[in-house]
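Have the structure open as you read.

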Amino acid sequence: NVIKSCRPVHEKFKGTFTKQDIRKIRINLRDRCAYCNEPLKGKGCADHIISIFNGGSNFARNITLACRWCNLNKRTKSASGFLQWRKICGLKNRKLL
């Protein structure tokens, strides 16, 4: 199973992450979306915890996995800002382990 970014990769920004990094993230998340907890079933989108727009990097420490819906709706929000937005909208969030 290959993980693809749901958007073009920004190669001009700092950092990189590898398939091995994604495997570790997937294991840590138990193959579930970092935001809504939906099963990813080996798929999902690499998502910047702090968006590139807001100064985030492509380093593995700034990458998580999200379902396509969460990735596309998060847009330039931070992870915490997106979780707050989901709560305001009445959407369930992943419980932190």
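A residue counts here as buried when its relative accessible area is under 20%, as exposed when that value is over 50%, and as partly exposed in between (1.4 Å probe, protein chains only). This is a predicted model, in which local features need pLDDT of at least 70 and side-chain atom pairs count only at pLDDT 80 or more, while totals for chains, interfaces and linings use all residues. Residues are numbered from 1 along each chain as its sequence is written, and side-chain values use heavy atoms, with hydrogens and water left out.

**Overall fold**

Let us begin with the chain as a whole. The protein chain has 97 residues, and 35% of them count as buried. Its secondary structure comes to 3 helices and 2 strands; these are DSSP runs, numbered from the N terminus, with helices (H or I) of at least four residues and strands (E) of at least two. Read from the N terminus, the order of elements is α-β-β-α-α.

Which residues of α1 are buried? They are Asp-21, Ile-22, Ile-25 and Arg-26. These residues cover an arc of only 135° around the axis, which puts them on the same side of α1; the arc is that of the directions from the helix axis to the C-beta atoms. Ile-27 and Asn-28, on the other side of α1, are exposed.

A nonpolar core is a set of buried Ala, Val, Leu, Ile, Met, Phe, Trp, Tyr and Cys residues joined through side-chain atoms within 4.5 Å. The largest such core has 16 residues, and those with the most contacts inside it are Ile-22, Ile-25, Cys-33, Tyr-35, Leu-65, Cys-67 and Cys-70. Two or more residues of this core come from each of α1 (19-28), β2 (63-66) and α3. Of the elements, β2 gives the most, with 3 residues. In soluble globular proteins, nonpolar side chains tend to be buried together.

**Rings and the charges over them**

Rings of Phe, Tyr and Trp (its six-membered ring) pair if their centres lie within 6.5 Å; planes under 30 degrees apart count as stacked, over 60 as edge-to-face and the rest as tilted. By this rule there are 3 aromatic pairs. One of them is the stacked pair of Phe-82 and Trp-85, at 5.6 Å centre to centre and 20° between the planes. These two residues are 3 apart in helix α3 (residues 79-88), so about one helical turn separates them. An α-helix has 3.6 residues a turn, so residues three or four places apart point the same way. Phe-82 is buried, with a relative accessible area of 0%, whereas Trp-85 is partly exposed at 29%. Ring pairs also link Tyr-35, Trp-69, Phe-82 and Trp-85 into a cluster.

A charge sits over a ring if NZ of Lys or CZ of Arg is within 6 Å of the ring centre and within 35 degrees of the ring normal. Arg-61, in turn, lies over the face of Phe-59, at 4.6 Å from the ring centre.

**Salt bridges**

A salt bridge is a side-chain nitrogen of Lys or Arg within 4 Å of a carboxyl oxygen of Asp or Glu. The count comes to 2 salt bridges, listed here:

| Asp-31 | Arg-26 | 2.4 Å |

**Loops with positive phi**

Asp-31 lies in the loop between α1 and β1, and its phi is near 55°, a positive value in a residue other than glycine. Arg-75 also has a positive phi, of about 50°, although it is not a glycine. Arg-75 is in the loop between α2 and α3 and counts as exposed, at 60% relative accessibility. Most residues other than glycine have a negative phi, and most peptide bonds are trans.

**Cysteines**

How many disulfides does the structure hold? It holds 0 disulfides, a disulfide being a pair of cysteine sulfur atoms within 2.5 Å. For Cys-36, the closest cysteine sulfur is in Cys-33, 3.7 Å away, which is too far for a bond. Cys-36 is buried, with a relative accessible area of 16%, while Cys-89 counts as partly exposed, at 43%.
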